[in-house]
Amino acid sequence: MINSVVLMGRLTADPELRTTTTGKSVCSFSIAVDRGYSKNAEERQTDFINIVAWENTANFVCRYFSKGSMIAIQGQIQTRRYEDKTGAKRTAFEVVAREVSFCGSKSETGTVSRPAAPEQPPVYQNANQSDFEEITDDEDLPF
């Protein structure tokens, strides 16, 4: 059986780091992931997915990621059953992160204003050919 999830999205809030009674670090956070859309649809839809990370992964996420950070996650789906405040039985779906990766900062993805006109490419002048000599015996060349 296969239970594997790969996601990329932005954190919706700063991750929360807690410690279990046995001393293990656990971090929970949510990411916003855009769905693909057809050309008939006018707006993209977004899913908000709950993520849980444990121990070293939890410490890494809490140290290097914050609200708005782009993150890539590889993990698996897990379900939990619980009873809400009214006594109703509920099931929570979440992704347990095994690996997380940086995907660039918010400024690198297009939210920073860019110059209106593209920069001009550099202009190079021709080199003086007298500075170079022709190699006629290429036996000693390393390539």
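These legends describe close-up views of a predicted model. Local features need pLDDT of at least 70 and side-chain atom pairs pLDDT 80 or more, while totals for chains, interfaces and linings use all residues. Residues are numbered from 1 along each chain as its sequence is written, and side-chain values use heavy atoms, without hydrogens and water.

**View 1. The buried face of helix H1.** Helix H1 covers residues 55-64. Helices (H or I, at least four residues) and strands (E, at least two) are DSSP runs, numbered from the N terminus. Thr 57, Ala 58 and Val 61 of H1 are buried. Buried means under 20% relative accessible area, exposed over 50%, and partly exposed in between (1.4 Å probe, protein chains only). Down the axis of H1, the buried residues fall within an arc of 100°, so they line one face of the helix. That arc is taken from the directions from the helix axis to the C-beta atoms. The face turned away from the buried side carries exposed Asn 56 and Arg 63.

**View 2. What H1 packs against.** The buried residues of H1 pack against strands S2 (16-19), S3 (25-34), S4 (46-54), S5 (70-83) and S6 (89-102). Contact here means heavy atoms within 4.5 Å.

View 3. Rings of Phe, Tyr and Trp (its six-membered ring) pair if their centres lie within 6.5 Å; planes under 30 degrees apart count as stacked, over 60 as edge-to-face and the rest as tilted. The count comes to five aromatic pairs. Phe 60 and Tyr 64 form a tilted pair, 5.2 Å centre to centre with 50° between the planes. These two residues are four apart in H1, and about one helical turn separates them. Phe 60 is partly exposed at 27% relative accessible area. Tyr 64 is partly exposed too, at 43%. The rings of Tyr 64 and Phe 102 have centres 6.0 Å apart and planes at 80°, so this pair is edge-to-face. It links distant parts of the chain: Tyr 64 lies in H1 and Phe 102 in S6, 38 residues apart. Phe 102 is exposed, at 52%. Phe 60, Tyr 64, Phe 65 and Phe 102 form one aromatic cluster.

**View 4. Residue classes in the lining of the largest pocket.** Five nonpolar, four polar and three charged residues make up this lining. Ala, Val, Leu, Ile, Met, Phe, Trp, Tyr, Cys and Pro count as nonpolar, Asp, Glu, Lys and Arg as charged, and the others, Gly among them, as polar. S3, S4 and S5 each supply at least two lining residues.
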